[in-house]
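I opened this entry to look up how the chains relate and how the strands pair. My notes follow the order in which I checked things.

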2 protein chains.
Amino acid sequence: MARMHPFDEAIDLHASAPQDTPHAFTGATHPAYANMVGPFGGTTAAQLLQSALLHPDRLGDPVALTVNFAAPVADGEIRFVARPVRTNRSTQHWIIEAHQAEGVVATATAVFAVRRETWSDVEAEMPADVPAPDALTRMPVKGMPAWPQRYDMRFVEGAFPAAFDEQEQAHSRSTLWVRDEPERVLDFASLAALSDSFFPRIYVRRRRRSMIGTVSLTTYFHADSALLVQVGTRHVLGVAKALNYRHGYFDQTGELWSPEGQLLASTHQLVYYKD
Amino acid sequence: MARMHPFDEAIDLHASAPQDTPHAFTGATHPAYANMVGPFGGTTAAQLLQSALLHPDRLGDPVALTVNFAAPVADGEIRFVARPVRTNRSTQHWIIEAHQAEGVVATATAVFAVRRETWSDVEAEMPADVPAPDALTRMPVKGMPAWPQRYDMRFVEGAFPAAFDEQEQAHSRSTLWVRDEPERVLDFASLAALSDSFFPRIYVRRRRRSMIGTVSLTTYFHADSALLVQVGTRHVLGVAKALNYRHGYFDQTGELWSPEGQLLASTHQLVYYKD
């Protein structure tokens with residue numbers, strides 16, 4: 001039997017015993033997606049989403065997800081409680097909580113929807129004249145935590161700084177091709193995780209070590225399942241930049257594009273930093 | 001005694017009876033902020049935030065707010081239940097629900113924080129060469145619903161279309177000066193409401209009547225109280241554009257700037273549309 005992809009292992013959730021909270025799920029942090037301390041936040045976001053995706057009352061596909069990282073996630077078991085607080089004809093609203101022994105470690109809200117074809121258009125601009133992934137080299141991951149080793153990242157600009165030389169840059173913009181490593185067909189859970197895969201903008205901007213932590217992450221899913229399958233295992237183009245750094249918090253805005261120029265997701269986050 | 005500002009009336013919440021859910025609040029829709037049907041979503045967002053701001057256990061000031069509009073809000077009473085699900089040393093995480101007779105009509109999550117001075121910088125660019133508010137005329141509000149009459153909007157570009165002539169535009173970008181009408185000193189609640197005051201991008205882009213409804217609204221508050229007081233009752237510069245329209249949902253991203261060029265808030269929303 002083929003071994004499961006590590007991402008599928010990482011988001012593998014088990015229904016809790018029926019006498020427990022109805023439809024609660026148990027998962028765990030996965031060593032393949034470890035960060036410096038605790039897990040990669042993208043995996044936690046994907047687990048929170050997964051707990052709604054697996055819920056028997058689920059309607060449609062995710063269109064919006066907001067994850068608030070409330071406390072450091074400890075390595076080990078995590079309990080997910082997803083509640084569909086409102087189900088309409090074609091939309092559904094979720095509140096999801098992630099618990100560990102000492103309390104709530106993350107919360108999320110999600111909007112799911114049954115989509116139908118309408119007039120559609122991309123107004124954002126995909127970066128032009130970007131070399132193909134094959135023409136770029138993969139970011140070296142030696143010495144990095146486990147999670148970046150699970151992504152094949154090929155930077156066009158704004159790479160993770162080779163040295164924290166404190167040479168402040170004019171901007172924090174990054175453009176890169178990125179896919180799961182090993183390859184895996186894109187789905188909503190992996191798109192949620194990819195939304196958190198941009199390195200903290202303050203590292204790119206200041207080339208200075210600082211303590212950081214995402215406090216809130218929002219992703220809008222423009223892609224539906226059919227489009228995700230069409231992208232398949234290929235690289236997607238990620239673009240990220242910061243808007244504002246002020247008094248301990250900066251925000252970062254990003255886009256994930258299909259090779260054909262469809263905007264798969266737009267994603268925003270607020271990050272705590274200590275200088 | 002001076003009459004209350006209509007916005008203060010609109011966000012005026014009363015603690016529920018003690019035998020009820022602890023720290024629940026009751027508010028109501030306000031005719032001064034009525035939309036075509038039901039209330040202006042910005043006022044609902046402000047009420048949700050206010051229920052955490054008024055909570056006796058509140059720590060610090062809001063840095064992130066996500067509001068999901070789960071169902072149409074009926075005119076009348078709304079019950080708000082704000083729960084601080086996690087309180088850390090300098091951050092606090094909230095889940096907030098808005099209830100009406102028939103169920104949950106909106107949910108929100110918020111992150112509050114005690115901020116301290118750090119290295120700060122604006123990376124986004126405020127539009128240059130924008131005329132001062134006095135050099136522009138206020139958008140005519142005759143025939144509009146009540147809520148736009150509560151804002152003094154002075155458009156530089158991308159005004160609400162004078163006619164729905166179905167002349168599709170190249171983009172949906174808007175730039176405008178906006179303040180409360182009558183004047184009111186800016187605070188977190190009014191900044192939350194302002195974040196929802198951009199007209200739907202699809203109207204600007206397609207100049208075509210379509211049914212729309214915001215499903216999720218996220219605001220990052222870069223300003224602290226001192227900066228808000230400094231802006232006072234003056235206009236702030238709003239900028240908004242759409243990124244992507246696809247199969248019934250588009251996203252809109254916006255910025256609110258102080259006259260001095262500080263980014264007060266960045267805000268993003270996902271909007272349902274029917275063409």
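The notes below go from confidence to symmetry, then to the interface and the strands.

**Confidence.** I started with the scores, since this is a predicted model. Chain A has a mean pLDDT of 96. Of its residues, 98% reach 70 or more. For the complex, the predictor gives an ipTM of 0.97 and a pTM of 0.97.

**Symmetry.** Next I asked which rotation superposes chain A on chain B. I found 180 degrees, with 0.0 Å of shift along the axis. The RMSD of that superposition is 0.0 Å. This is the relation of a two-fold axis. I then compared the contact residues of the two copies. Of those in chain A, 100% recur in chain B, so the same surface serves both copies.

**Interface.** How many residues of chain A are in contact with chain B? I get 51, and they meet 51 residues of chain B. I looked up which element gives the largest share of the chain A side. That is strand S11 of chain A, residues 236-246, with 6 residues. By class, the chain A side has 20 nonpolar, 20 polar and 11 charged residues.

I then looked for strand pairing between the chains. Strand S7 of chain A, residues 121-122, is joined by 2 bridges to strand S11 of chain B, residues 236-246. The two strands run antiparallel. Within this pairing I noted one residue pair: Val122(A) has Asn244(B) as its bridge partner.

**Strand S6 of chain A.** Is this strand largely enclosed or open? I counted burial along residues 103-113 of chain A: 9 of the 11 residues of S6(A) are buried, so the strand is largely enclosed by the rest of the structure.

I went on to its partners. Strand S3 of chain A, residues 61-69, is joined to S6(A) by 8 bridges. That pair is antiparallel. In it, Phe69(A) stands opposite Ala106(A).

Strand S5 of chain A, residues 91-100, also pairs with S6(A). Here I find 10 bridges, again in the antiparallel sense. Gln100(A) stands opposite Gly103(A) of S6(A). What joins S5(A) to S6(A)? A hairpin does, through 2 residues.

**Recap.** I log S6(A) as paired with S3(A) and with S5(A).

Definitions and conventions: Residues are numbered from 1 along each chain as its sequence is written. Chains are lettered from A and ligands numbered from 1 in the order in which they are written. This is a predicted model: local features need pLDDT of at least 70, side-chain atom pairs count only at pLDDT 80 or more; totals for chains, interfaces and linings use all residues. Copies are superposed by least squares on the C-alpha atoms of residues with pLDDT of at least 70 in both. Two residues are in contact if their C-beta atoms, placed from the backbone, lie within 7 Å. Helices (H or I, at least four residues) and strands (E, at least two) are DSSP runs, numbered from the N terminus. Ala, Val, Leu, Ile, Met, Phe, Trp, Tyr, Cys and Pro count as nonpolar, Asp, Glu, Lys and Arg as charged, and the others, Gly among them, as polar. Two strands pair if DSSP finds at least two bridges between them. A residue is buried if 20 or more other C-beta atoms lie within 10 Å of its own, exposed if 12 or fewer, and partly exposed in between; C-beta atoms are placed from the backbone. pLDDT is the predictor's confidence in each residue, from 0 to 100.
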